[in-house]
Amino acid sequence: MKKIQQIKPSFYDKFHCIGADCKKNCCQEWSVIIYKEEFKKLKKNIKSENLKKIFSEAFVPNKGTSLQKTNMYHIKLTGEKRCPFLDEKGLCMLQKECGYDLLFQTCKVFPREGLLYCNQRCELSLSLGCEEAVRLLLEEKDGFLLEVSEGKLDLGLIRGNIIESAYITKKPVLHYFYDIKSLVIAVLQTRNYTLGQRMALLGIALEKIYHMDKEKNFNKIPNYIQWFLNEISQKNCQYHSFFEKNKSNPHIKLLNTLQKHYKIARKFDIKQQLEKINVSIEGYLNVEKNEIKSELEYNPLKYEKCVEEFELFLKKNPHVLENIIVCCAWYIGIPFAYNKNIWENYCIFAMVYSVYYFVLSICVKEDTTKEELIKYVVMISREVLHGSKNLKTLEEELEKNESATLAHMIKLVL
């Protein structure tokens with residue numbers, strides 16, 4: 001393997017899979033996608049009759065007309081929503097019998113992810129769909145930090161996330177890839193603003209860069225980024241007065257969140273928490289038309305109480321939500337993800353932020369334990385970072401409500 005510059009979270013190298021000690025490991029509730037070549041290779045190396053039988057019944061071919069889809073399978077979960085290859089101790093029978101090297105690529109690399117930039121740099125990250133990754137992140141009390149080093153390039157981690165010179169020719173804004181990515185991290189870690197305000201500031205900056213990109217004023221991007229970061233660091237910054245006039249309103253935030261995320265919220269195991277604010281997911285879903293009703297029922301005073309308790313928790317643990325959101329931004333690749341433009345990327349990220357804030361605000365109290373918090377973060381992350389259908393739902397809600405505007409996004413995140 002060739003060596004290359006690596007950029008990775010400071011806790012990346014500390015990660016190792018804890019296997020059966022994981023309370024809700026990655027072999028539960030997820031149906032892993034595998035390629036036909038992986039399937040054939042592993043099948044040849046299975047020796048025991050018991051495992052051969054399990055293997056013969058464990059896969060379902062992917063439906064679809066594209067070559068990629070027809071060359072893929074997914075693992076059929078058991079009635080308990082577990083991978084059929086887990087033994088009674090929660091360990092992988094395939095790995096025990098065939099060895100790590102023959103495992104399916106997804107099983108080998110998760111929660112690791114990589115993005116390769118012009119064969120010069122590789123961004124490495126960890127998914128918060130893994131509880132051990134979340135545990136390591138929460139220990140970073142000085143904030144989410146990145147390290148630059150030189151290491152071997154493992155193409156198995158890249159999984160198609162490659163930016164090539166030819167692609168940059170078509171999208172010149174990618175010449176400023178790291179300038180813009182650095183802006184995202186810097187704004188989200190500017191602690192003289194609340195996290196909601198930082199999300200709003202990020203929207204203001206990325207909307208401006210999006211228009212520079214659209215108008216082909218690429219050469220202005222670095223100077224604008226430098227100006228913006230300097231501006232928001234000033235005590236008498238114009239944005240302080242902006243936020244004084246546009247204060248956070250938990251009622252508006254809740255209404256926006258419920259309107260945009262009710263389909264996703266139904267998938268979370270938070271029925272008891274939703275009852276605390278008198279929200280019934282089925283209560284405001286028109287089942288026949290599968291659409292939201294114009295009036296939502298919830299108790300705004302009870303939700304305000306939840307927010308107060310959540311904010312008390314954050315006062316004791318100021319790094320928690322910031323680390324989660326910054327880690328998400330790095331893992332997703334904001335604002336260069338989803339094959340969308342810079343502004344569309346920001347809007348999706350703002351909606352992802354609002355899902356985290358809403359669910360955590362009704363689940364997390366001042367005395368919530370670290371283990372409980374990890375459980376909630378993993379639950380949210382598996383739905384919004386890995387659920388392609390859920391990401392599609394977020395996009396559809398933006399289009400349906402015509403809410404992909406800066407004004408809408410600021411109301412959502414503040």
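Helix H9 (residues 195-214) and helix H15 (residues 320-332) have axes that come within 11 Å and cross at roughly 25°. That makes H9 roughly parallel to H15, a label given to angles under 35 degrees, with over 145 counted as roughly antiparallel, 65 to 115 as roughly perpendicular and the rest as oblique. This is a predicted model, in which local features need pLDDT of at least 70, side-chain atom pairs count only at pLDDT 80 or more, and totals for chains, interfaces and linings use all residues. Residues are numbered from 1 along each chain as its sequence is written, and side-chain values use heavy atoms, with hydrogens and water left out.

**H9 with H15**
- Leu 195, Arg 198 and Met 199 of H9 meet Leu 321, Glu 322 and Ile 325 of H15, where contact means heavy atoms within 4.5 Å.
- The residues of this contact are four nonpolar, no polar and two charged (Ala, Val, Leu, Ile, Met, Phe, Trp, Tyr, Cys and Pro count as nonpolar, Asp, Glu, Lys and Arg as charged, and the others, Gly among them, as polar).

**H8 with H9**
- Helix H8 (residues 177-188) packs on H9 at an angle of about 155°, with the axes 9 Å apart.
- H8 and H9 are therefore roughly antiparallel to each other.
- From H8, the contact takes in Ile 180, Leu 183, Val 184, Val 187 and Leu 188.
- From H9, the residues in this contact include Leu 195, Arg 198, Met 199, Leu 201 and Leu 202.
- The contact of H8 with H9 has 12 nonpolar residues, no polar ones and one charged.

**Helix H19**
- In H19 (residues 406-413), the buried residues are Leu 406, Met 409, Ile 410, Leu 412 and Val 413 (buried means under 20% relative accessible area, exposed over 50%, partly exposed in between, with a 1.4 Å probe and protein chains only).
- Seen down the axis of H19, these buried residues fall within an arc of 160°, so they line one face of the helix.

**Asn 249**
- Asn 249 lies in the loop between helix H11 (238-245) and helix H12 (250-265).
- Asn 249 is partly exposed, with a relative accessible area of 31%.
- The C-alpha atoms of Asn 249 and Leu 412 are separated by 9.5 Å, and the two residues are 163 apart along the chain.

**The whole protein**
- The protein has 19 helices and 10 strands (DSSP runs numbered from the N terminus, helices being H or I of at least four residues and strands E of at least two).
- Of its 414 residues, 51% are buried.
- Among contacts between residues at least 6 apart in sequence, 75% join residues at least 24 apart.

Key:
The arc is that of the directions from the helix axis to the C-beta atoms. Axes are lines fitted to C-alpha atoms, for helices over the stretch in contact, and angles run from 0 to 180 degrees between N-to-C directions.
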